[in-house]
Amino acid sequence: MLRTKKIFVMVVSAVVALVMLGCGDVDVTVTKSEAYIRNTDVKGESTNCAVVLQAQQGTSYSMTIESEGDWAHFSNNQLSTEGVMESNSKVVYIYFEKNNTDADRVANIEVNFSDGASFSLSFTQRFINTAET
């Protein structure tokens, strides 16, 4: 009988210890949704730029580009794209040709996340100034 009580006390002590270990502070890091372009001033010779997305894994996003003449597009040759964050950060590329026009051109990007965050971004592709050579 005494042995049964000792075993019972040891089992209860072990269960209490496990519960106490499992009740510690849980560090849950939530990534705030964000979107930005590192370099908003793009050389005329460049043919792409990147939009950096940061959000909690599993967050959906959609992006739309507007530019006069529709000169900028996503990899699917479309003016919009969408997806789900597979990790906390992602890079989405925007593609375009060299700017052989005689003026700078601007593209506007709207980014919307499923958590309600939205961002209005833009970048300028400078024209290739051949007079400076």
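What share of the contacts in the chain with a separation of 6 or more comes from residues 24 or more positions apart? The share is 63%. A contact here means heavy atoms within 4.5 Å.

**Before you start**

This is a predicted model, where local features need pLDDT of at least 70 and side-chain atom pairs count only at pLDDT 80 or more, while totals for chains, interfaces and linings use all residues. Residues are numbered from 1 along each chain as its sequence is written, and side-chain values use heavy atoms, with hydrogens and water left out.

**Stop 1: the whole chain**

Show the chain as a cartoon. Helices (H or I, at least four residues) and strands (E, at least two) are DSSP runs, numbered from the N terminus. Start at the N terminus and follow the order α-β-β-β-β-β-β-β-β-β.

The chain exposes about 9300 Å². Carbon and sulfur atoms supply 52% of that area. Such accessible areas come from the Shrake-Rupley method with a 1.4 Å probe; for residues, only the protein chains shown count as cover. Of the 133 residues, 26% count as buried. Buried means under 20% relative accessible area, exposed means over 50%, and partly exposed lies in between (1.4 Å probe, protein chains only).

**Stop 2: the five-stranded sheet**

Select β2, β9, β8, β4 and β6. They form an open sheet in the order β2-β9-β8-β4-β6, with mixed pairing. Two strands pair if DSSP finds at least two bridges between them. The edge strands are β2 and β6 (80-84), and each pairs on one side only.

Zoom in on β8 and β9. They run antiparallel, joined by eight bridges. Pick A107: its bridge partner in β9 is F123.

Next, look at β8 and β4. This antiparallel pair has seven bridges. A107 turns up again here, as the bridge partner of S67 in β8. Move on to β4 and β6, which are antiparallel and share five bridges. Here M63 stands opposite T81 in β6.

**Stop 3: two faces of β4**

Stay on β4 and show its side chains. Which residues make up the covered face, and which the uncovered one? Y61, M63, I65 and S67 are on the covered face. S60, S62, T64 and E66 are on the uncovered face.

**Stop 4: a ring cluster**

Select W71, F96 and F123. Ring pairs link these three into a cluster. The structure holds five aromatic pairs. Rings of Phe, Tyr and Trp (its six-membered ring) pair if their centres lie within 6.5 Å; planes under 30 degrees apart count as stacked, over 60 as edge-to-face and the rest as tilted.

Take W71 and F96 first. Their ring centres are 5.4 Å apart and their planes stand at 75°, so the pair is edge-to-face. W71 sits in the loop between β4 (60-67) and β5 (73-74), and F96 in the loop between β7 and β8, 25 residues apart. Are they buried or exposed? Both W71 and F96 are buried.

Now turn to W71 and F123. This pair is also edge-to-face, at 5.7 Å centre to centre with 80° between the planes. F123 lies in strand β9 and W71 in the loop between β4 and β5, so the pair ties together parts that are 52 residues apart in sequence. F123 is buried, as is W71.

**Stop 5: a salt-bridge network**

How many salt bridges does the structure hold? There are two. A salt bridge is a side-chain nitrogen of Lys or Arg within 4 Å of a carboxyl oxygen of Asp or Glu.

Select R126 and D41. Their closest N and O atoms are 2.5 Å apart. R126 lies in the segment after β9 (118-125) and D41 in strand β2 (residues 41-42), so this bridge ties together parts 85 residues apart in sequence.

D104 is in the loop between β7 (89-95) and β8 (105-113), so the pair ties together parts that are 22 residues apart in sequence. Shared partners join D41, D104 and R126 into one network.

Check the accessibility of each residue. R126 is partly exposed at 35%. D41 is partly exposed at 37%. D104 is partly exposed at 34%.

**Stop 6: a surface patch**

Finish with V91, Y93 and Y95. They form a nonpolar patch on the surface, with about 250 Å² of accessible area together. Patches are made of residues with over 30% relative accessible area and no salt bridge: like charges are joined within 9 Å, nonpolar side chains (Val, Leu, Ile, Met, Phe, Trp, Tyr) within 5 Å. Click on Y93, which lies in strand β7. At 40% relative accessibility, Y93 is partly exposed.
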